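Colleague: I would like a close look at one part of this model, the aromatic side chains and their surroundings. Please take your time over it.

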Amino acid sequence: MRWLTLYARSRQVPASLAAVMITTVTVWALARDGSGGPGDPRLTALVLAAGAMAVSTGLSGQDLALDRTAAIRWAPRRAVHVLLAGAVVAAVLLAVQATGKDLATAAFVVRDSAGLMGLAAIGAAVCGGQYAWTLPFAWLSFSFFAPPPTSVPTQVASWMLLPPGTAAGTWTALVLTIAGTTAYAVAGPRR
């Protein structure tokens, strides 16, 4: 159990969890005024992207050389870290929603949380842990200003704003989750 505590502290889990909770509660409180509703996915996507960006800071340790020379298998731990982080981001939003106004359905929250954590994991593998937040931020920004999703490429571009039953949104999130988790588990964060 001590190794888990040390791992959580080295990956800044307490600070990340606090940031996820503060962001989620703040946006939920702002959404209670009646603007935006369950039909408007932008607030939910914003909360989930902010959560993924907050936990992405923990996708690299304090010393990458020490991580790479450790006598433990990192691949399973990295995969669990990404999947568990996505589950926590989704669970916090769903728990806050349970106390009042619904921002989105559970299927929408789970899909977007998984896809955004996959993006953050790709960001950690390609750019390093300190810049892992850039891919979720960039894709969210692009999807807010993308043209209306009328064709498959535009649906892929705005996957996180599509309704939960949309095939392009679901497949894009699934591919990002699998690719990101695999890349991060195998390669680890970039130096």
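Colleague: Is Phe137 buried, partly exposed or exposed, and what is its relative accessible area?

Modeller: Phe137 is partly exposed, with a relative accessible area of 42%, where buried means under 20%, exposed over 50% and partly exposed in between, for a 1.4 Å probe and protein chains only. The model is predicted, so local features need pLDDT of at least 70 and side-chain atom pairs pLDDT 80 or more, while totals for chains, interfaces and linings use all residues. Residues are numbered from 1 along each chain as its sequence is written, and side-chain values rest on heavy atoms, without hydrogens or water.

A search of the whole structure gives 2 aromatic pairs, a pair being rings of Phe, Tyr or Trp (its six-membered ring) with centres within 6.5 Å. Phe137 is paired with Trp133, their ring centres being 6.0 Å apart and their planes at 65 degrees, so this pair is edge-to-face, the class for planes over 60 degrees apart. Trp133 is itself partly exposed, at a relative accessible area of 34%.

The rings of Trp139 and Trp159 also pair edge-to-face, with centres 6.2 Å apart and planes at 85 degrees. Trp139 belongs to helix H7 (residues 134-145), whereas Trp159 sits in the loop between helix H8 (152-157) and helix H9 (167-187), so this pair ties together parts 20 residues apart in sequence; helices here are DSSP runs (H or I) of at least four residues, numbered from the N terminus. Trp139 counts as partly exposed at 21% relative accessibility, while Trp159, at 0%, counts as buried.

Terms used:
Rings of Phe, Tyr and Trp (its six-membered ring) pair if their centres lie within 6.5 Å; planes under 30 degrees apart count as stacked, over 60 as edge-to-face and the rest as tilted. Helices (H or I, at least four residues) and strands (E, at least two) are DSSP runs, numbered from the N terminus.
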